[in-house]
Amino acid sequence: MSNRLEEIPVESWPELRDLYRQNWPEHVFAFGTISNYLNWKQSQHRDSLEVQIVSLNGTWRENGTFLLFDHFEIYFYSFETTTGYSSLMEALLLVDWGKYREVSMDFVEKHLNALDKAISIKGLPVVNDELTNFYHIRKEDASTVEVDLPHGYSLSRLSIDHLDYVYRLWPLKDSISKTSGYNLLKRLILLNESVGLFDENGKLQSWCLRDQTGAFSDLQTCEEHLRKGFARIVIREFVRRLASMGDDSYAFVLQSNYNSCRLFESIGFRKITHLHWVVIRNK
């Protein structure tokens, strides 16, 4: 029988998610990704979501292998270690790569060889490949974090009114097309939790979003307010809020961004692995 990609119905997503609770937080990337998309499917914006999760020959219960397709983004994971994640590589080879103009993928380091083999066999053009540290802090440790606000400042969730401003200062906007990047930030602001630090005039000065995997992302501070500790305030508030909701916190930080790495480590985050961000763009 030839290999095929078989869709995992939405009704089975909770079962898929719960596969990754074992050996916590080893599989937190997969758990957070499925959990976040499940929340989106249950939100008021569910009708606008075109998300599909598939497995190789329907074997996801045995090997924890899945591919998640979301417009130009693909997420994947597997805990099938005995065969070197062969089920993941076979699944990646079945993707119809030619139908995409651009594909963005975030994945944990242990799956790099599987993707590299698929890229080599398919001759896929990689235009971006960046390495990040994957940081994690347990809710039990985050619940005791304290936040000291400067006088006149406040903390609140971002709204769609902040989208243009956030995109204009987004450091990754040159790594991905404008349409893809702008729409990505729009959806994160609309659907996920976020924390912004506002001055006494209500102007946004520092912020952090939560991406499709549930991780902290796009931590940014206005240039005129750098080195004032604003990012630290935002992250401390974020971990405190998520801990009060019963959630751990995790973040992907570019390995080359030494200041941000030191910031997360000083708050109590621990690096558990590396994550790769790869972009493929067809001519």
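Guide: The lining of the second largest pocket draws most on helix 2, which contributes seven residues. A pocket here is an open set of points on a 1 Å grid over the protein atoms alone, where a 1.4 Å probe fits and protein lies on both sides within 12 Å along at least five of seven lines, and lining residues have an atom within 4 Å of a point.

Visitor: What should I know about the model itself before we go on?

Guide: It is a predicted model, in which local features need pLDDT of at least 70 and side-chain atom pairs count only at pLDDT 80 or more, while totals for chains, interfaces and linings use all residues. Residues are numbered from 1 along each chain as its sequence is written, and side-chain values use heavy atoms, with hydrogens and water left out.

Visitor: Which helices each supply at least two residues of that second largest pocket's lining?

Guide: Helix 2, at 28-41, and helix 6, at 139-142, each supply at least two. Helices (H or I, at least four residues) and strands (E, at least two) are DSSP runs, numbered from the N terminus.

Visitor: Is helix 2 mostly covered or mostly open?

Guide: Helix 2 is mostly covered, since 13 of its 14 residues are buried, where buried means under 20% relative accessible area, with a 1.4 Å probe and protein chains only.

Visitor: And the largest pocket, which element gives the most there?

Guide: In the largest pocket, strand 10 gives the most to the lining, with six residues. Turning back to the second largest pocket, 23 residues line that space, and the closest to its centre are F31, S35, N39, R210 and D247.

Visitor: Which other elements each give at least two residues to the largest pocket?

Guide: Besides strand 10 (216-221), the contributors of at least two residues each include strand 4 (73-77), strand 5 (102-108), strand 11 (249-254) and strand 12 (270-281). Helix 8 (178-191), helix 9 (230-244) and helix 10 (258-267) are also among them.

Visitor: Which residues of helix 8 are buried?

Guide: In helix 8, the buried residues are S180, G181, L184, L185, R187, L188, I189 and L191.

Visitor: New topic: how many disulfides are there?

Guide: Zero are found in a search of the whole structure, a disulfide being a pair of cysteine sulfur atoms within 2.5 Å.

Visitor: Where is Y167, then?

Guide: Y167 sits in helix 7, residues 163-168, and is buried at a relative accessible area of 11%. Leaving aside residues up to four places away in sequence, Y167 touches K173, K178, G181, Y182 and L185, contact meaning heavy atoms within 4.5 Å. Its C-alpha lies 27 Å from that of D247, 80 residues away in sequence.

Visitor: And where is Y100?

Guide: Y100 lies in the loop between helix 4 (86-93) and strand 5, and counts as buried at 10% relative accessibility. Beyond four places in sequence, Y100 touches F69, H71, I74, V95 and N282. Y100 and G32 are 68 residues apart along the chain, with 25 Å between their C-alpha atoms.

Terms used
Buried < 20%, exposed > 50% of the residue type's maximum accessible area, 1.4 Å probe, protein only.
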